[in-house]
Amino acid sequence: MRLILLGPPGAGKGTQAQRLVTRYGIVQLSTGDMLRAAVAAGTPVGLQAKAVMESGGLVSDEIVVGIIRDRIAEPDAAKGFILDGFPRTVKQAEALDTMLAEQKLKLDAVIELKVDQNALVGRIIKRADEAKAAGQPVRKDDDPDVFKTRLEAYNRDTAAVTPFYAAKGQLTVIDGMQPIEAVAAAMDKVLGG
Ligand code: AMP
């Protein structure tokens with residue numbers, strides 16, 4: 001199974017993706033996680049991405065498309081994958097289409113978690129508080145001001161990705177403001193599980 005989860009930062013993509021990993025035995029490919037790992041490891045990609053990420057902006061299409069191209073080719077992705085945080089621009093979506101066509105692969109679903117953006121800042125403050133309480137590091141870009149910049153980047157660059165898939169008849173929209181379990185149930189329905 002190959003699917004894409006779309007929606008603004010804080011919409012719950014990561015939470016839902018983790019559950020689908022267990023349920024369907026597929027891998028979660030989060031460009032955000034991969035970039036954070038690259039930053040932590042101090043790789044050339046990480047060094048390039050660090051400042052952009054900390055400011056809430058978007059890393060270049062070339063970098064993230066390269067990361068996804070390499071990752072999709074790894075053996076554990078052969079059974080299927082969930083793309084979380086990618087594509088974030090129409091250019092990335094087009095590059096993904098080309099990549100999949102070259103490998104004769106098809107997407108099973110593109111799901112948008114639709115949320116009330118006004119409620120997101122509250123959610124993100126909660127995510128930071130929960131990480132703190134659990135003794136985990138708080139993401140620098142979960143600072144409320146940086147989060148607002150991330151939302152702006154979403155509305156400027158990523159909001160166009162959903163119409164891209166809608167025009168191809170591939171998009172399913174789920175209300176992401178429901179409780180986590182209800183969102184999960186709606187996703188299972190779409191995925192036929
Ligand atoms: P996320 O964990 O998905 O919210 O991503 C954290 C940060 O990584 C974003 O704010 C961007 O700076 C960067 N990033 C992650 N995925 C992408 C992408 N597909 N395109 C560009 N930048 C990305």
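Biologist: Where does Pro87 lie?
Modeller: This is a predicted model, where local features need pLDDT of at least 70, side-chain atom pairs count only at pLDDT 80 or more, and totals for chains, interfaces and linings use all residues. Residues are numbered from 1 along each chain as its sequence is written, and side-chain values use heavy atoms, with hydrogens and water left out. Helices (H or I, at least four residues) and strands (E, at least two) are DSSP runs, numbered from the N terminus. Pro87 is found in the loop between S3 and H5.

Biologist: Which residue does a cis peptide bond join to Pro87?
Modeller: Most peptide bonds are trans. Here omega is about 0°. The partner of Pro87 in this cis bond is Phe86.

Biologist: Lys104 has a positive phi. Is Lys104 buried or exposed?
Modeller: The phi of Lys104 is about 55°, although this residue is not a glycine. Lys104 sits in the loop between H5 and strand S4 (109-114). Buried means under 20% relative accessible area, exposed over 50% and partly exposed in between, with a 1.4 Å probe and protein chains only. Because its relative accessibility is 76%, Lys104 counts as exposed.

Biologist: How many residues does the largest nonpolar core have?
Modeller: A nonpolar core is a set of buried Ala, Val, Leu, Ile, Met, Phe, Trp, Tyr and Cys residues joined through side-chain atoms within 4.5 Å. In the largest one, the residues with the most contacts inside it are Ile4, Leu35, Phe81, Leu83, Leu96 and Tyr165. Its residue count is 28.

Biologist: Is Tyr165 buried or exposed?
Modeller: Contact means heavy atoms within 4.5 Å. Not counting residues up to four places away in sequence, Tyr165 touches residues including Ile4, Leu6, Pro87 and Leu96. With a relative accessibility of 0%, Tyr165 counts as buried.

Biologist: Phe164 and Tyr165 form an aromatic pair. Is this pair stacked or edge-to-face?
Modeller: Rings of Phe, Tyr and Trp (its six-membered ring) pair if their centres lie within 6.5 Å; planes under 30 degrees apart are stacked, over 60 edge-to-face, and the rest tilted. These two rings are 5.0 Å apart, centre to centre. Their planes stand at 90°, so the pair counts as edge-to-face.

Biologist: How far apart in space are Leu6 and Asp84?
Modeller: Leu6 is in strand S1 and is buried, at 4% relative accessibility. In sequence, Leu6 and Asp84 are 78 residues apart. In space, C-alpha to C-alpha, the distance is 7.1 Å.

Biologist: How much space lies in the largest cavity?
Modeller: On a 1 Å grid over the protein atoms alone, a cavity is a set of points where a 1.4 Å probe fits but cannot get out; lining residues have an atom within 4 Å of a point. Grid points are joined across faces, edges and corners, and a volume is the space filled by probe spheres set on the points. Leu6, Phe86 and Pro87 are among the lining residues. The volume is about 80 Å³.

Biologist: Which element gives the largest share of the lining of the largest pocket?
Modeller: A pocket is an open set of grid points with protein on both sides within 12 Å along at least five of seven lines. The largest pocket holds about 1,400 Å³, and of its 50 lining residues, those closest to the centre are Gly10, Gly14, Arg127, Arg139 and Arg150. The largest share of the lining is 7 residues, from H6.

Biologist: How many charged residues line the second largest pocket?
Modeller: Its volume is about 210 Å³, and Arg36, Lys50 and Asp141 are among the residues lining it. Ala, Val, Leu, Ile, Met, Phe, Trp, Tyr, Cys and Pro count as nonpolar, Asp, Glu, Lys and Arg as charged, and the others, Gly among them, as polar. The lining has 2 nonpolar residues and no polar ones. The charged count is 6.
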